[in-house]
Amino acid sequence: MKRTKLYIIMLIAILIIGIAGKVNAESVKYSVTANSQTLKEGEEVVITLKLSDIVAGEDGVYTFGGKLVYDKEIFEEIQVKNFQGKNNWSIAYNNEKTDKEGTFLATRMTGLKEDQEIATLTLKTKTNIKSTKTEIKFIEVSTVGEDTIKLEDKTITLSITGTKKDEPTNDPNKNTTNDDNTVEDKNEVGDNNGSNNDNAGNNGNTGNGNGSDNTGNNGNGQTVITIKDKEKPNSSSKDTTTNKDKLPQTGVENLTLVVAGFIIVAIMITAYLKYKKNQDIK
């Protein structure tokens, strides 16, 4: 009974050691190295893929693959010809617009056990692009020897110098219109022709009781007379300003009455003188 228990314990220990040894045996490292960290638009960058520290059974590893992620606004579209296999490695690349787009697979006929560069990848930047930073990622990477070995993701960061500038944006809060219009304010009274009226008169005010008479000289040297209604002390004086071509309406009306009065008086005097002369002749 004791021997049976001892055999079971020894068997379990052997299995644990064997599993641990197998896990430790399956290990591979890889690197992705760019020949330059800075690029100008239209230039190329070459990335070298290398396997190292291979511990994968007696035969080594036969395949290496993963998925490539890059910015298509920065780089021209990658095709299989952008990959170049080295040291008897062949490269396949999928650029079809499916969920498998960007996957690549490197293979060789015999297993690899020593450190070795397996391929290069060339990417070319587009022209007329903005200056920026961009990343090239290798994800879902694995290699196969006796078993499939999953590897960590790798990222390469590049600085791109472009010639395209940011387009200016219109600021709605900023008025960029040059306003050189100068408005000259002049009085225009009673003139439908749009004539400019310059007030150049001196106004003298004289008042009796509840009313006052305003007199002034306009720009033509004409005398302007405004007669206020004495029975309406609260009424405001009309604007007697005239333009250079017309008399004020109020002045014309009052002056017409005065002239008419003089004419009537002159007619009456003339008639009287003729009548008197006729009487003297008789």
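**Entry 1: charged pairs**

I began with lysine 154, which forms a salt bridge with glutamate 152, the closest N and O atoms being 3.2 Å apart. For a salt bridge I required a side-chain nitrogen of Lys or Arg within 4 Å of a carboxyl oxygen of Asp or Glu. Before going on, I noted that this is a predicted model, in which local features need pLDDT of at least 70 and side-chain atom pairs count only at pLDDT 80 or more, while totals for chains, interfaces and linings use all residues. I also noted that residues are numbered from 1 along each chain as its sequence is written, and that side-chain values use heavy atoms, with hydrogens and water left out.

Next I looked up how open the two partners are, taking buried as under 20% relative accessible area, exposed as over 50% and partly exposed as in between (1.4 Å probe, protein chains only). Lysine 154 counts as partly exposed because its relative accessibility is 22%. Glutamate 152 is exposed, as its relative accessible area is 54%.

Salt bridges that share partners also join Lys72, Glu77, Lys97 and Glu101 into one network. How many salt bridges does the rule give? The count comes to 7.

Helices (H or I, at least four residues) and strands (E, at least two) are DSSP runs in my notes, numbered from the N terminus. Lysine 97 counts as exposed because it has 60% relative accessibility; glutamate 77, at 40%, counts as partly exposed.

I checked one further pair, lysine 137 and glutamate 135, and found their side chains in a salt bridge at 3.7 Å, N to O. Lysine 137 is partly exposed at 34% relative accessibility, and glutamate 135 is partly exposed at 38%. A reminder to myself: side chains of opposite charge can pair when their charged atoms come close.

**Entry 2: strands**

I counted 2 helices and 14 strands in the protein chain. For pairing, I asked that DSSP find at least two bridges between two strands.

Which way does β11 run against β2? Strand β2 (residues 38–40) and strand β11 (residues 154–161) run parallel, joined by 3 bridges. Strand β9 (residues 132–144) runs antiparallel to β11, with 7 bridges between them. Threonine 132 has isoleucine 160 of β11 as its bridge partner.

**Entry 3: the core**

I defined a nonpolar core as a set of buried Ala, Val, Leu, Ile, Met, Phe, Trp, Tyr and Cys residues joined through side-chain atoms within 4.5 Å. The largest one has 38 residues, and Ile47, Leu51, Phe64, Leu68 and Phe138 touch the most other members. The largest share, 5 residues, comes from β3.

I then listed contacts (heavy atoms within 4.5 Å). Leaving aside neighbours within four places in sequence, leucine 51 is in contact with residues including Val28, Phe64, Trp89, Leu112 and Ile118. Serine 52 lies in strand β3, and it is buried because its relative accessible area is 17%. Not counting residues up to four places away in sequence, serine 52 touches Val28, Lys29 and Asp115.

For patches I took residues with over 30% relative accessible area and no salt bridge, joining like charges within 9 Å and nonpolar side chains (Val, Leu, Ile, Met, Phe, Trp, Tyr) within 5 Å. Areas come from the Shrake-Rupley method with a 1.4 Å probe; for residues, only the protein chains shown count as cover.

Leu255, Val258, Val259, Phe262, Ile263 and Ile267 form a nonpolar surface patch with about 590 Å² of accessible area together. Isoleucine 263 belongs to helix α2 (residues 249–281) and is partly exposed at 46% relative accessibility.

Last, I looked up backbone angles: asparagine 87 has a positive phi of about 55 degrees although it is not a glycine. Asparagine 87 is found in the loop between β5 and β6.
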